[in-house]
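Here is a short briefing for a reader new to this structure. Please look over the sequence and the model first.

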Amino acid sequence: MQKRVTVAVDAMGGDNAPVEIVKGAVEAVNEHDDLKVILVGDEGTVLKELAAYTFNKDQVEVVHASEVITNNEHPVAAVRSKKDSSIVVAQKLVREGKADGFVSAGSTGAVLVGGQFVVGRIKGVERAPLAPLIPTTKGFSLVIDCGANVDARPSHLVQFAKMGSIYMENIMGKKNPTVAIVNVGVEEEKGNQLVKETMPLLKACDDINFIGSIEAREIPNGWADVIVCEAFTGNVIIKLYEGVAAALLKKVKEGMMSSLRSKLGALMVKPALKKTLKEFDISRYGGAPMLGLTGLVVKSHGNSDATAIKNSIAQCIAFSKQDIPGKIKAHIGTKQSTPKA
């Protein structure tokens, strides 16, 4: 019998908790025989939600947590004071080896703080970045970092590039993934001090496929598989991506409904349009993994529905089976890069 991967899920975190969280967890175990989910939160509330579904009882466990960390609380203070919160209790399960991964749609700050200090970084990893997949015309790319380390140093970005390459190759199947650093131009003399100092370090690494700078307008075209930046820039990219996509979709819908002729045309293009929109649906990629930790932490979007939660849990299965922490430890924790000749 194949070994089950155990994932601790914050049942109380997110705009749609606990309804969509529990539903997504049930859908995940019903699709994966090799999965066990530990739902962490108010036991009575979680059990009430579970009562509506049919699933293998051996694959679902409920662990009680009496507190919830909200978005308006200071992350560090909340993690320290609310030891019995669903986020902290679930992340402790990962630290103690009782779970292979953790998923939450709750407070981003608390999840990141908990990842660093409750789960813990791999020895040798300077910073743990948040790395979401984004859709492109060529499939998808990984943005690293998008929210965990605003004030990054060149050495941090080099490690981000390596960790992102490991993730893309082993989880997403991208052989020798291309790596680029976000810049205001492709010329080497351009960029801020951080980019200028990081560029030669990335060029000197023989263990990544570094192709130089990438301008923001080329990110949607998939010019690079791994897009390296500090968290401020990465977060702006992600938020702008989401905003532009929503605005364009709204305008397309308005245009299609503007006249009888356009409505008839909409009926004809609807199948192709639905297929295209599905390809650009971020929820199908799951959440954003926090790389460089001893276990997997996945931050799902705050408004995640059951599908997004299910896919985030599925990420943990692949992550565990490919032993990404082990690969990162071997590559960064103990191995030093050899400069190119």
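Which residues does lysine 82 touch, not counting residues up to four places away in sequence? They are Glu67, Val68, Ile69, Glu73 and Val88. Keep in mind that this is a predicted model.

**Lysine 82**

- Lysine 82 sits in the loop between α3 (75-81) and α4 (86-95).
- Lysine 82 counts as buried because its relative accessible area is 19%, and buried means under 20%.
- Its side chain reaches the backbone oxygen of valine 68 at 2.8 Å.
- Valine 68 is also one of the residues that lysine 82 touches.

**Nonpolar cores**

- In soluble globular proteins, nonpolar side chains tend to be buried together.
- Here, the largest nonpolar core has 60 residues.
- Leu39, Leu50, Ile313 and Ile328 have the most contacts inside this core.
- Helix α6 (residues 154-170) gives the core its largest share, 8 residues.
- A second core of 41 residues is separate, and its members include Val63, Ile69, Ala110 and Val143.
- Ile69, listed in that second core, is also touched by lysine 82.
- Leucine 39 is in contact with Val9, Ala11, Val22, Ala25, Val46, Leu50, Val60, Glu61, Val62 and Val63, leaving aside its neighbours within four places in sequence.
- Among these contacts of leucine 39 is Leu50, another residue with the most contacts inside the largest core.
- Val63 is in contact with leucine 39 too, yet Val63 is included in the second core.

- Valine 94 lies in helix α4.
- With a relative accessible area of 7%, valine 94 is buried.
- Leaving aside neighbours within four places in sequence, valine 94 is in contact with Ala99, Asp100, Gly101, Phe102, Val119 and Gly295.
- Valine 94 and alanine 8 are 86 residues apart in sequence, and their C-alpha atoms are 7.5 Å apart in space.
- Glutamine 116 belongs to helix α5 (residues 108-120).
- Is glutamine 116 buried or exposed? Glutamine 116 counts as buried, at 14% relative accessibility.
- The side chains of glutamine 116 and arginine 121 make a polar contact at 2.9 Å.
- Not counting residues up to four places away in sequence, glutamine 116 touches Arg121, Ala128, Asn149, Met290 and Leu293.

**A partly exposed helix residue**

- Valine 244 is found in helix α8 (residues 231-256).
- Its relative accessible area is 40%, so valine 244 is partly exposed.
- Valine 244 and valine 5 are 239 residues apart in sequence. From C-alpha to C-alpha, they are 37 Å apart in space.

**The second largest pocket**

- Rolling a probe the size of a water molecule over the atoms shows where empty space is left.
- The second largest pocket holds about 220 Å³ of space.
- It is lined by 14 residues, and Val182, Asn183, Asn192, Val195 and Thr233 are the closest to its centre.
- Two elements, β7 (178-182) and α7 (193-203), each give two or more residues to the lining of this pocket.
- How many residues of each class are in the lining of the second largest pocket? The lining has 9 nonpolar, 4 polar and 1 charged residues.

**Cis peptide bonds**

- Alanine 17 and proline 18 are joined by a cis peptide bond, with omega near -5°.
- Proline 18 has its place in the loop between β1 (5-10) and α1 (19-31).
- The peptide bond between isoleucine 144 and aspartate 145 is cis as well, with omega about 20°.
- Aspartate 145 is in the loop between β6 (139-144) and α6.

**Positive phi angles**

- Asparagine 176 is not a glycine, but its phi is positive, at about 45°.
- This asparagine is placed in the loop between α6 and β7.
- Aspartate 323 is not a glycine either, and its phi is positive, at about 50°.
- Aspartate 323 lies in the loop between α10 (306-321) and α11 (324-333).
- At a relative accessible area of 42%, aspartate 323 is partly exposed.

How values were computed:
Residues are numbered from 1 along each chain as its sequence is written. This is a predicted model: local features need pLDDT of at least 70, side-chain atom pairs count only at pLDDT 80 or more; totals for chains, interfaces and linings use all residues. Side-chain values use heavy atoms; hydrogens and water are left out. On a 1 Å grid over the protein atoms alone, a cavity is a set of points where a 1.4 Å probe fits but cannot get out, and a pocket is an open set with protein on both sides within 12 Å along at least five of seven lines; lining residues have an atom within 4 Å of a point. Grid points are joined across faces, edges and corners, and a volume is the space filled by probe spheres set on the points. Helices (H or I, at least four residues) and strands (E, at least two) are DSSP runs, numbered from the N terminus. Ala, Val, Leu, Ile, Met, Phe, Trp, Tyr, Cys and Pro count as nonpolar, Asp, Glu, Lys and Arg as charged, and the others, Gly among them, as polar. Buried means under 20% relative accessible area, exposed over 50%, partly exposed in between (1.4 Å probe, protein chains only). A polar contact is a pair of N or O atoms within 3.5 Å; within protein, one must be able to donate a hydrogen and the other to accept it, and residues adjacent in sequence count only if both atoms are side-chain atoms. Contact means heavy atoms within 4.5 Å. A nonpolar core is a set of buried Ala, Val, Leu, Ile, Met, Phe, Trp, Tyr and Cys residues joined through side-chain atoms within 4.5 Å.
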